[in-house]
There are 2 protein chains.
Amino acid sequence: NEVAKLLELKAQLSCENGDASNEVQKFILKTPKGTRDFSPQQMAIRESVFQKIVAVFKRHGAETIDTPIFELKDVLTGKYGEDSKLIYDLKDQGGEILSLRYDLTVPFARYLAMNKITNIKRYHIAKVYRRDNPSIARGRYREFYQCDFDIAGTYDLMIPDAECVRVVQEILESLDLGPFVIKLNHRLLLDGMFEACGVPPENFRSICSAVDKLDKSPWEEVRKEMVEEKGLPGDVADKIGHYVRMSGKTELVEKLLDDPNLTKIRSAVEGLEAMKLLLHYCELLGVNKKVVFDLSLARGLDYYTGVIYEAVLQGDSQEDGATSVGSIAGGGRYDNLVGMFDAKHKQVPCVGVSIGIERIFAVIEAKLFAAQNKVRTTEIEVFVASAQKNLLDHRMKLCKELWDEGFKVEQSYKKNPKLLAQLQHCEEAGIPLAVIIGESEIQKGVVKLREVTTRNEVEVPKDRLGDEIRKRLHFNMNGST
Amino acid sequence: NEVAKLLELKAQLSCENGDASNEVQKFILKTPKGTRDFSPQQMAIRESVFQKIVAVFKRHGAETIDTPIFELKDVLTGKYGEDSKLIYDLKDQGGEILSLRYDLTVPFARYLAMNKITNIKRYHIAKVYRRDNPSIARGRYREFYQCDFDIAGTYDLMIPDAECVRVVQEILESLDLGPFVIKLNHRLLLDGMFEACGVPPENFRSICSAVDKLDKSPWEEVRKEMVEEKGLPGDVADKIGHYVRMSGKTELVEKLLDDPNLTKIRSAVEGLEAMKLLLHYCELLGVNKKVVFDLSLARGLDYYTGVIYEAVLQGDSQEDGATSVGSIAGGGRYDNLVGMFDAKHKQVPCVGVSIGIERIFAVIEAKLFAAQNKVRTTEIEVFVASAQKNLLDHRMKLCKELWDEGFKVEQSYKKNPKLLAQLQHCEEAGIPLAVIIGESEIQKGVVKLREVTTRNEVEVPKDRLGDEIRKRLHFNMNGST
């Protein structure tokens with residue numbers, strides 16, 4: 001009968017929709033696909049990298065904000081072009097339809113529009129989510145950190161844009177990642193160049209994404225994509241090929257400003273004039289040695305409207321293609337994004353850069369691993385040890401006194417730990433000092449103070465212990481490495 | 001016909017399943033229900049609070065880890081009792097069934113089991129998610145931070161447990177939140193007490209959650225819940241009422257160890273002996289003044305197996321019931337949770353505390369708001385200003401030089417900003433120093449250095465500028481407030 005058939009269909013449909021509650025699922029102990037835990041060692045590295053980056057942001061007067069990890073789905077809709085399919089949606093559990101944030105830029109624009117903020121310089125370091133095919137080997141995950149610095153406000157041409165370049169240079173230098181170059185280009189120039197070559201305006205964005213692949217693919221492949229997949233006439237592609245293989249500095253801008261094919265296109269001239277100004281400011285800010293004006297730089301995202309940036313590590317990538325890191329920072333100007341969230345489409349011009357923090361971690365972790373460097377994961381200064389049994393109460397009192405003085409202190413959580421085990425722990429954990437108590441020391445009102453690396457021990461009166469520890473920590477900080 | 005009907009049904013079903021792509025939805029600019037953005041001002045407060053808390057964790061030798069924001073749904077299943085309905089699920093987009101983490105403890109246990117870690121002292125500060133009915137007024141959100149410190153490992157009785165109490169005391173004192181008390185109790189004692197009173201074992205957990213409400217509700221109401229909702233005989237409830245109104249210190253432990261009703265129950269004696277030891281260690285660690293042994297403390301979560309803690313702010317909550325903050329830290333021992341993730345049920349005993357960071361923020365924000373204190377959201381030390389037009393290039397060069405020296409510097413992003421506007425910005429943003437350049441200064445090779453608060457200006461040769469700035473910043477740091 002019909003009712004039975006309908007019920008069967010309904011059951012079938014709800015199954016297709018992923019209702020797995022009836023299945024008996026074997027339980028596997030893992031993190032979700034494309035995600036990972038971070039160990040104390042990895043976190044120690046991350047913390048020190050974040051500290052250096054934040055120091056640069058703060059040197060440039062940036063504030064920080066935070067936004068929820070998920071947004072109303074509508075906030076994200078229509079901002080990422082083809083990549084929208086990579087957005088994680090939350091299950092509809094009755095209520096709003098939500099999605100995990102895909103980047104920090106769209107939530108930032110939503111924040112500005114919602115709070116009617118017209119100027120701010122902010123950084124934001126937080127996790128974003130993409131249902132991409134994770135390539136763990138290449139350091140691509142579904143959950144990863146972004147680290148963004150943006151300047152919003154109506155200002156004069158290229159002044160905040162140039163500061164973003166300076167910020168990228170300061171960060172990459174402070175992280176000591178080896179030689180790098182910051183590529184610059186301009187969306188108006190790209191559009192003007194496409195127009196000059198004869199690309200129909202409706203194809204600008206799709207040809208732009210093809211150009212974007214030039215950092216990974218040779219021109220022949222990109223040309224093939226333009227002609228065969230995107231239906232561009234061969235001679236138009238060749239004209240594009242002529243331009244996108246150019247890179248240089250101010251002299252290239254001057255040369256292109258003499259190119260009659262470009263100078264007849266208004267946006268091309270506008271883009272070139274802007275590049276000229278940007279390169280001038282870069283010189284004033286001391287970043288001219290690291291920048292290169294590169295016409296092949298396109299950047300995939302739809303929302304860029306002006307300058308675009310990309311920083312690339314150079315170093316040993318040629319010899320060792322497999323571990324090539326490539327782009328480690330990128331960004332640009334996006335003057336229309338905030339307006340998409342405003343009822344009256346009021347614009348707030350923005351420019352910013354995103355530091356490719358996950359790639360930076362991968363590079364640094366690999367370096368430390370290669371150097372077999374051990375990273376300390378705690379900051380303990382003093383370990384309180386006992387030489388005999390039944391001294392737990394004395395250890396605890398000593399810990400209390402040292403914590404009260406602000407020292408970073410730990411002890412064994414065993415009642416009667418072996419002295420050797422305690423001292424071994426100090427050596428393994430890189431703890432600089434150990435205070436050792438025994439019956440005789442307690443009776444004399446002294447403790448033994450041991451320098452863990454040298455294994456030197458001195459007897460110190462208990463009331464002078466704090467001073468003696470401070471003296472040695474101070475020497476350690478200033479005297480070694 | 002039948003096919004048409006089936007298609008219609010299918011469409012209807014997919015609608016019920018929340019596929020809203022066909023609906024025209026009016027777009028509202030907001031964050032999801034129960035979530036919020038954090039402004040630069042709020043973030044500055046959060047940062048300073050986190051710093052103080054992390055300093056305490058590090059003083060006790062804790063490492064930090066991080067886990068993904070979502071877990072396989074199976075990892076969370078069966079860990080939260082009734083509260084499981086509050087878990088956020090992700091949409092099934094083909095692949096694993098995922099849920100947002102509900103707390104940091106279950107992911108921590110999963111991490112230990114998965115990596116076969118048998119001892120670690122770690123802290124974790126991160127966001128968790130609960131589809132609760134948000135009570136914004138009471139500071140309850142659907143997305144909020146947790147801030148956990150846990151010690152995992154097989155150690156001797158109550159030693160790490162006592163250190164957790166010390167950590168809570170150090171944190172609450174360093175945050176200067178006013179008077180507080182740390183309540184202590186023991187799950188074994190609670191169970192033993194329930195047994196002694198005649199509660200059937202299968203009702204222990206549900207009676208425990210009723211007792212847990214005693215911090216918010218009077219005994220009469222809790223008794224009513226026990227008798228009317230949970231079917232406990234009235235005389236059994238009254239016996240419980242006798243105990244749960246007791247609180248004290250070691251003398252109360254001694255008194256209860258003389259109570260023949262309790263001493264015949266093994267777990268009660270075990271719990272009391274443990275409490276006695278804990279209170280002794282608390283005295284050694286200097287936390288005895290803040291702790292109280294409180295038999296009404298129950299804590300809702302199922303997984304506690306030993307000591308349980310809860311810190312409560314006292315202060316003005318009596319006079320001003322509406323803004324009463326109540327519990328601001330809590331935790332306990334959970335020896336069986338890690339074993340739930342291990343194929344061979346290998347246990348890793350754990351004890352830890354969670355700092356109620358959101359409540360702490362609410363208290364501090366309210367205090368600052370009441371005092372009309374302005375929180376600086378940037379750390380800019382020097383503002384580079386120009387007194388006339390057309391000096392942008394000079395400003396930029398000066399900024400470069402000061403950034404190169406490591407100063408925190410900003411300038412206007414306008415080509416020709418008005419001097420008054422620039423100085424006003426310095427005063428509003430609390431920037432201590434302004435460097436002012438004009439035509440005449442440039443010719444003389446000097447700059448004007450202005451102290452923003454006093455408005456004093458001195459002329460400084462350009463090559464001495466760095467030193468003069470350092471001198472004044474140093475004085476500002478050490479000389480004021």
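Visitor: Before anything else, what does contact mean here?

Guide: Two residues are in contact when they have heavy atoms within 4.5 Å. The model is a predicted one.

Visitor: Fine. How many residues does the contact take from chain A and from chain B?

Guide: Chain A puts in 103 residues and chain B puts in 102 residues.

Visitor: And how much area do the two chains bury between them?

Guide: About 9300 Å², with 60% of it on carbon and sulfur atoms. On the side of chain A, the residues that lose the most area to chain B are Leu29(A), Trp403(A) and Tyr413(A). Together they make up 10% of what that side buries.

Visitor: Why quote area at all?

Guide: Accessible area lost when the parts come together is often used to give the size of an interface.

Visitor: Charges next. How many salt bridges are there across the interface?

Guide: The rule finds 16 salt bridges between chain A and chain B. One of them joins Lys58(A) to Glu47(B).

Visitor: How far apart are the closest N and O atoms in that one?

Guide: For Lys58(A) and Glu47(B) the distance is 2.8 Å. That is within the 4 Å cut-off for a salt bridge.

Visitor: What about polar contacts?

Guide: There are 46 residue pairs in polar contact between the two chains, counting pairs with both residues at pLDDT 80 or more.

Visitor: Which helix of chain A gives the most to the side that touches chain B?

Guide: Helix 14 of chain A, residues 392-404, with seven residues.

Visitor: And that side of chain A by class? How many nonpolar, polar and charged?

Guide: The side of chain A that touches chain B has 45 nonpolar residues, 22 polar and 36 charged.

Visitor: Changing topic: how many cavities of 30 Å³ or more?

Guide: Two, by this rule.

Visitor: Which residues line the largest one?

Guide: The lining includes Lys183(A), Asp212(A), Asp215(A), Asp294(A) and Glu310(A), along with Ser296(A) and Leu297(A). By class, the lining has five charged residues, four nonpolar and one polar.

Note on methods: Residues numbered from 1 in each chain as written. Chains lettered and ligands numbered in written order. Predicted model: local features only at pLDDT ≥ 70, side-chain atom pairs only at ≥ 80, totals over all residues. Heavy atoms only, no water. Buried area = accessible area lost by both parts, 1.4 Å probe. Salt bridge = Lys/Arg side-chain N within 4 Å of Asp/Glu carboxyl O. Polar contact = N/O pair within 3.5 Å; in protein donor to acceptor, adjacent residues only side chain to side chain. Helix = DSSP H or I, 4+ residues; strand = E, 2+ residues; numbered from the N terminus. Nonpolar A, V, L, I, M, F, W, Y, C, P; charged D, E, K, R; others polar. 1 Å grid on protein atoms, 1.4 Å probe; cavity = no way out; pocket = protein on both sides within 12 Å on 5 of 7 lines; lining within 4 Å. Points joined across faces, edges and corners; volume = space filled by probe spheres on them.
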